[in-house]
Structure formats: structure tokens, C-alpha cells
Amino acid sequence: MSNSTPPDLRVLCRKLTSIPPTQLHHALPSLINHVLHCKEALSAPHEQRPKGKSSEESQLVHKLKASVTTLLNGRSREARFAAIGLIKAMVDVGGWEVLQGSDPWVRGLFSVIQKADPMASKELAVVTLTRIYMLIHPYQTLVREIATRTLPDFITTSISLIKQPPSDGSLKTPFSVIETVCDAFSTLIPLYPTTFRPFSSQLRTATRHYIAPTQSDDFFIPASLTRAARRLVISLHHVAAKSGGSDEWAKLVSSLLRDLHSTADQVLRAVNESWEGSEGYSRSKVSLDGEPKGAGDLPVWSGIGAGADRLIGLFQYLSDCLRYPTKTPVTIPTSALVDAASRVFLIARLSPKSQTWDQALQTNAAIGREEKDELWSLIPDIHISALRLLQVLIQRLQQNTVPLVPELLDHLVRVFKSGINFPDVRVVGYSLLKDIIDLSGPTLSRPSVDMLGPLLGACCRDLQQDAGHLQPTEKPAATSGTDSKKSTIATNADLFLKPQSTTTVVEAATTLDPKHNAAAASLLVSIPSHLPQRYLKPSLRGLVDQTAILTSNRDAMLGSVLNPFKDQRGRVYPSILPHLVQQFPDTQGLEILRTNLRTNNQALADGEEPLEELPVDHEDQEDEEMETPIDDKPASHEKTEDLFKVGSLAATAHVQTSLPIQSNPFEVNKGGANDVEARHRAASPPKRKHEGSDTVPTKRQVLERSPSPLRTVPAPLPSKATEEVSEDDDDDDESVHLNMELEDEEDDDDDDDDEE
């Protein structure tokens, strides 16, 4: 600790007395900066201060506190606002030394909330009081002296700010202040549950209008205020006596589920639902006259749009109940939550391109066309809110949701197919599927993996489209001449300003939202690393590898290298390790691959042969098989899977020709054990040479005849028979073998001479 009084303390005291009170709010940022620099002076106990500076520093600290108290109780609104900001800064840096004398400040802050000060001053006063109550909670003496006596008054004063006025009056408190008060109560309720217990019913009544707002409300509620109000109501289970917190939380969830099903009865009345109620919840008969409407514990709503808003709000409310911590362990009604979500998931189209809503579902003839069309337009938003509920459930329960994975995947695929044209549906689908794959991906069965084809294909397509590698769709160009004169359809005149080389008009590439791109990229990483690769189709795995290379997704490429693909015949497909080395040469993961990757010792199932040892007829077939590109797909697959049609990629040819995917930069040269081409050529006799040339070993000839400039073909491995002989023979066998080859060549020359 410094032996001299900090200059900021003297400057702060001088400015508070010299600056006019009406101008203090302009200097508040600099004043708070001085307070932060005086942390040692404000937080040091009196007995630990050196004697040489005890008198001066104590006088300055006392003068600072007295000046702030005077400004807080003064007549100037600007001065009171500046005093509130200084108090907030002083209690943050001063600790117990400042808090022990904060009782006059707490009284003054109450008066600011009750006076006709600006809402900014009231909001800052609420924040400052909340901070004081939080900091004094560990000190039981300060709790008895300050919190116990003043906290009830603070709760009463703050409730008056957020209370809904009568129907004939307007709300005077801004929504930002109401949100601040809700956040303050949510923070203080776990700390002082006994003090808040008498006010629980008042808080529920004051916030009921902000829980699940609808279009039929008199005012628009911001989403941030809705979340703050929900958090406040959910935290009220802390005020229950003894161990009743879990029962209060269960009652809240049960009431929300009842409201959700009663609202769904009204919103979905145009559909003859196939859902059968369970867990104590069932459908009820509703009136088909007039517009759908509903009530309950929340405000009344009317209209199909307002009903959809209430339904979405209730799903979000249930998600928040799972998201926020509880006082004691609670029992989560997992089956009831999944059953509520499945009710809206059944309202979906399995084939959106070839099926209308009326064809996909059994509708009620008594409901008009207008209500049905509006319901169809609102179904995707309802699906999104239900999918997010399942995602929060998985994130909260983790391994405990593994038994629910088959059912969740079935719902996810159905909803994804129905709303695949909506980006928000795809984003939530990618995020939920990633959580499921990370949780139980390796344990999925083959039918479950096959069922995920549309989602995985759409993920790759979105990423390639965002990267600019997907060929845009083409539309017929506008007609010209007499046909255009006869047509009554409006034509884009800008198309005639520039000559078109083709007869088609290319649409501009679509750029994905950052959240959309991030969700798809995260799912792409999990596909090769968490799904059982033996269940993936070759075309899908090739599409995943292709997308990882074109989008430069390092984690996805690394997962592909660590999890090689092997088809049903046991053939190991080429690795994309060269592409990973080329795009990310400085990646530390490559050092692990350098020391641990063994391409020659890949585990194969019993009875399966590696790709290199499969019988072949011609050398050209071998080269074609070894150099198969990563995006090679079976021809029969393209006709059935539209999602895998990714278009022509301009950068694919360059990637394939610049670096062969079958070469391995980390491979140890062991005589060509992995090179089928070298072994094939080694089996054939060497070419004939003229008589004056030197005899060159066969190994040298194979190296010189390597057709690729990017790799060196290693020498062929000796056959098993040769190896057995070489173990018993000495070095003279090599000379005998060489002499035999020379004799064969001489015999050939003699035959040629005889023919001449």
C-alpha cells in the first residue's frame, strides 16, 4: 500500500465542491474514474493505515462521504443523479468499510424512487440498492441493521413501479425500468426469501401481463422484459417454507402444461388431430363459432394469431423453467413435456413439395379457409418453439435423455421435412441434432442414421451455398419480340440494359445468417466424429468431406481423417489428410497425426480385405479406383436424394488437381506396401534395353517410371515366396538371379537375329 494519499481523492473532493450541482451529471464519468482509483483509501480499515497519513486521508474520506450524502438529499435532480452513480461506485470498491455507513444512503435512495425524479434516476437507484443488498448479504450484522429494516420498503416501492394500471389508465413506467426491477427482484429473492414471502402473490399479479404477450394486448412487450418477468415468477419458488420449493416449482410447470393444452385446443381446432392425450392431459371440445379465444391465469386473448403467440410463449416459458436453477432438487415431468411438444409436431407435412396442408392433414370443414391459411403460416414458428424446449431438456438432463433419443429424432426429422424451406427451422434443427449426436451419436442404429439423411444433406448444401461453391439456380430469361408484346406479365427492364450471353438469368448467391452458418458448421464437425461411419452412405460421406474442404472447416477435416470411411465391401476410402495439410499446415493436430496415424494398420472386420488387395484386371482401373474424388457418388443415389444434388462446384477441380487426395505426406517409405500400381508393374518384366546400356536394377526402373511428379512410387515389396527363399540363401543368389536375367535377354537377342 502506498504511503502517500492518492491524488485522485483530493481531486474528487475538490470537484464535488467546485462544480455546480446542475453540471455534476456531465462530469459523472470522470468522477467515477477517480473513485475507482481510490480503492485502497476507501477499503483499507482505519487501524491499518499508517500514522503519518491517518489524519489527512481519514478527513478526505469523511469529506467525500459527507459531500455525496449532501448531494443525494439536495434539491437538484442532476446532483441526485450524480450522487447515485458515485454511491454505486463507492460500494463496489470500498467493501465493508463503505457498506457499514451506507444506511443514510439507502434511505436517500428510497426517497429518490418515491419522488418525481426522472426514470433514469429511479432505475439507477434500483440498481444501486440491489447492489448494496447483495454486498451486505455475507455480513449478518449489516443484514440485521440495514436489509431487515429497509428491504420491505424497497419491495413495496418497486412493486408500485411495475404494477399494471387500471384498464382505463396508461402505463407510466418505461419497459426498461420494469425490466430492471424484475431483474433486481430475481437477484434478491434467493438471498432474502423470507423477506419476499409476503409479496409473492403481488409479484405474480404485477407480472402476469408480461409473461406471454399476444397480439391482442394493448401494448407491445419487448422480448427482454418477457424473459425478465418469467425469471422473476420462476424464482418465487425460493420463498416457499422449508422444503416446499420443489412442490411450488412442480405446480408452476403443471399449470403451464394445462394452459398450453387448452390454448392448443383453440388454435388447432381447424385440424382433426391424431394426438391422444396422456399424463393427465387430454383434448377438450371447443366451440367452432367465431374466432378462437382463451383465458386462464394469463390475460385473455382472441384470434388465431394471438393464440399462436400465447402457445409459443408457453413453450418458451417451459423452457425457462428448465433453464434457471432451483432451490432444491425437483422432479421434471419429462414425458409430459415431450408429449406436449409431440402434439404440435404431428401437425406437419411429410412432403412439402408435392403435398398441401389440406392433403397432409384431416381438416375440419366447419372452419373457414382464412383461419386455416393463417394457421398454416404460423405452424413453423410453433414448431421452432417446441424444438427449443426439447433442446433445453437435453442440455439440462444430458445422459438422462438417452432413452428419449429415438422419439426425439423421429419428431425432429418430421418437423425438418415440413419446414425445410424456412431458415429458422433449419437452424434449430441443426442445433438440436448436434446436441443429440454429441450425446448418443455412436449408439445410433442404421435406420436412425439413414433417417438423418435430409438434415445432413441440407447442412452441407447450406454451407456450400454460403461459401459460394454451389451452382446458383437458373431461371428462363424474359421473352422478347412478339411474345413479349402479347404477354401481360410485368418484365424487368434492367435485363435489357446489358447483353445476355445466355438465355437464362442466374440468381444471386444467398448469404446465410451468422447463427445459421455457425449451427451448420458445428453439425458438420459432429458428423464424422460422432456418427457411426459404417452406417453412412458413401455419397453422404463424400459430400461431408467435400463440404469440409470447400468451406475450410478444420475441425470437420480433422474428424474425417481420424474416422476413415469404409464401405460394406471393406474398402477404405481415400483420406483428405493432404487437403488438411495444405490448408492448415500450422495446426497442432497434425503433429499428433504425424506420430500416431498408421494407414497400413487400419482395423478391418473379419473376412474383409482392404481396398488395396481387391482383385483388379487392368492398371487403368487401379488408377481410377485409387484416385476417386471425395465427392464421388453412386449413380443410383442421385435420383432419389435431391438434397445431395449440390450442383457443380468451380473450386472442386482445382482442389483435386492441385493435391492428390490419395498421397500421404506422413507416410513412411517402406518399399511400396501401399502402392498397388508399383506392385503391378513390378510383376511384369522390365523393358528391353540395347546392348551397350548398363544393367539397371528393377527397383531403379520403377522409380524412374513414376507417372506422377507429386509423389515417388516406392519400390515393390518382395513376394512371400521370395522372402522365404532369401532367408535360407546367401548373397550369391542375387548374382545368379542377375545372370539368369542377362541370359534371357541374350536369348531374346539371338531370336531376333534369327528372324532377321
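The model is predicted. The protein holds 35 helices and four strands. Of its 756 residues, 44% are buried. Among contacts with a separation of 6 or more, 75% join residues 24 or more positions apart.

Start with one helix pair. Two packed helices are described by the angle between their axes and the distance between the axes. Take helix H24, residues 514-530, and helix H26, residues 554-562. Their axes come within 8 Å and cross at roughly 10°. Angles under 35 degrees count as roughly parallel, so H24 is roughly parallel to H26. Which residues of H24 and H26 meet? From H24 come Leu524, Val525 and Pro528. H26 supplies Asp555, Ala556, Gly559 and Ser560. By class, the contact of H24 with H26 has four nonpolar residues, two polar residues and one charged residue.

Now turn to the rings. A pair of aromatic rings is described by the distance of the centres and the angle of the planes. The count comes to nine aromatic pairs. One of them joins Phe110 and Phe154, with 6.3 Å centre to centre and 25° between the planes. Planes under 30 degrees apart count as stacked, so the pair of Phe110 and Phe154 is stacked. Where do the two residues lie? Phe110 is in helix H7, residues 103-114, and Phe154 is in helix H9, residues 140-162. The pair therefore ties together parts that are 44 residues apart in sequence. Are Phe110 and Phe154 buried or exposed? Phe110 has 6% relative accessibility, so Phe110 counts as buried. Phe154 is buried too, with a relative accessible area of 0%.

A second pair has another geometry. The ring centres of Phe565 and Tyr573 are 5.2 Å apart, and their planes stand at 85°. The pair is therefore edge-to-face. Phe565 counts as buried, at 4% relative accessibility. Tyr573 counts as partly exposed, at 29%.

Return to Phe110 and Phe154. Both belong to a cluster linked by ring pairs. The cluster also includes Tyr133, Phe185, Tyr192 and Phe196.

Arg534 lies over the face of Tyr535. The distance from the ring centre is 4.6 Å.

Notes
Residues numbered from 1 in each chain as written. Predicted model: local features only at pLDDT ≥ 70, side-chain atom pairs only at ≥ 80, totals over all residues. Heavy atoms only, no water. Axes fitted to C-alpha atoms, helices over the stretch in contact; angles between N-to-C directions. Parallel < 35°, antiparallel > 145°, perpendicular 65-115°, else oblique. Contact = heavy atoms within 4.5 Å. Nonpolar A, V, L, I, M, F, W, Y, C, P; charged D, E, K, R; others polar. Phe/Tyr/Trp six-rings, centres within 6.5 Å; stacked < 30°, edge-to-face > 60°. Buried < 20%, exposed > 50% of the residue type's maximum accessible area, 1.4 Å probe, protein only. Lys NZ or Arg CZ within 6 Å of the ring centre and 35° of its normal.
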